[in-house]
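Open the model in your viewer and keep the sequence panel beside it. The tour below goes from one selection to the next and says what is there.

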Amino acid sequence: MTDRASQRNPWLVLACFLGVVAVVAVVGALAATSAKDVYARLDLPPWAPPASWFGPVWTVLYVLIAVSGWLYWRTDGETRGFAAYGIGLLANLLWTPLFFEGGAATAALVDIVVLDVVVVITIVLFGRRSKAAAALQVPYLAWILYATALTTAIVAAG
């Protein structure tokens, strides 16, 4: 750990990462108040998950995303890595309102493809300093790639 990272209480910084990611989660949840009804009305492919999976999966993923950012911070991470991480959080935050509340499935598809690319970039940048930080992003990438395929199928069916 370098001077910048060692000058701050790491547990307080972890709490900050958890808080920032929690804001993204809460905004998504607030934007998804009608998600269960919207999801039930969609023309879903047979491999679509049940709606009950989303809450537990995202809860785990959001914790992994926060811990990943914190581990990267502990290495005195570079600005580019944090920029990619922040852009990813923003793209993540936008998807739910676009898809569920805005009824803009095509825009949500564009958003999630951007998110896919940004998370890959984040993994590469984090991996240069912390293999653990990069590894914690991999389940997130796997889930959003699945969500991208699902969004693509929904847009194609619509």
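Select Leu136 first. At 22% relative accessibility Leu136 counts as partly exposed, the class between buried (under 20% relative accessible area) and exposed (over 50%), with a 1.4 Å probe and protein chains only. Leu136 lies in helix H7; helices here are DSSP runs of H or I with at least four residues, strands are E runs of at least two, and both are numbered from the N terminus. Show what surrounds Leu136: leaving aside neighbours within four places in sequence, it is in contact with Leu64, Val67, Ser68 and Leu71, where contact means heavy atoms within 4.5 Å. Then draw a distance to Ile123, 13 residues apart from Leu136 along the chain; the C-alpha atoms are separated by 8.7 Å.

A note on what you are viewing: this is a predicted model, in which local features need pLDDT of at least 70 and side-chain atom pairs count only at pLDDT 80 or more, while totals for chains, interfaces and linings use all residues. Residues are numbered from 1 along each chain as its sequence is written, and side-chain values use heavy atoms, with hydrogens and water left out.

**The whole chain**

Zoom out and colour by secondary structure. The protein has seven helices and zero strands. The C-alpha trace spans about 55 × 25 × 20 Å along its principal axes. Buried residues make up 41% of the 158. Of the contacts between residues at least 6 apart in sequence, 79% join residues at least 24 apart.

**H5 against H7**

Select residues 79-101 and 131-157, which are helices H5 and H7. Two packed helices are described by the angle between their axes and the distance between the axes. Here the axes come within 13 Å and cross at roughly 35°; they are lines fitted to C-alpha atoms over the stretch in contact, with angles from 0 to 180 degrees between N-to-C directions. Which residues of H5 and H7 meet? Tyr85, Gly88, Asn92, Trp95 and Phe99 in H5 meet Gln137, Tyr140, Thr151 and Ile154 in H7.

Pick Thr151 from that set. Is Thr151 buried or exposed? Thr151 is buried, because its relative accessible area is 2%. Not counting residues up to four places away in sequence, Thr151 touches Trp95, Phe99, Ala105, Ala108 and Leu109.

Go to Trp58, found in helix H4. With residues up to four places away left out, Trp58 touches Asn92, Tyr140, Trp143 and Ile144. Ala25 is 33 residues apart from Trp58 along the chain, and their C-alpha atoms are separated by 8.2 Å.

Next, select Asp76, in the loop between helix H4 (54-74) and H5. Most residues other than glycine have a negative phi. Asp76 is not a glycine, yet has a positive phi of about 65°.

**Last stop: H3**

Finish at Ala35, in helix H3 (residues 35-41). Ala35 counts as buried, at 12% relative accessibility. A C-alpha to C-alpha distance from Ala35 to Tyr85 gives 26 Å, for residues 50 apart in sequence.
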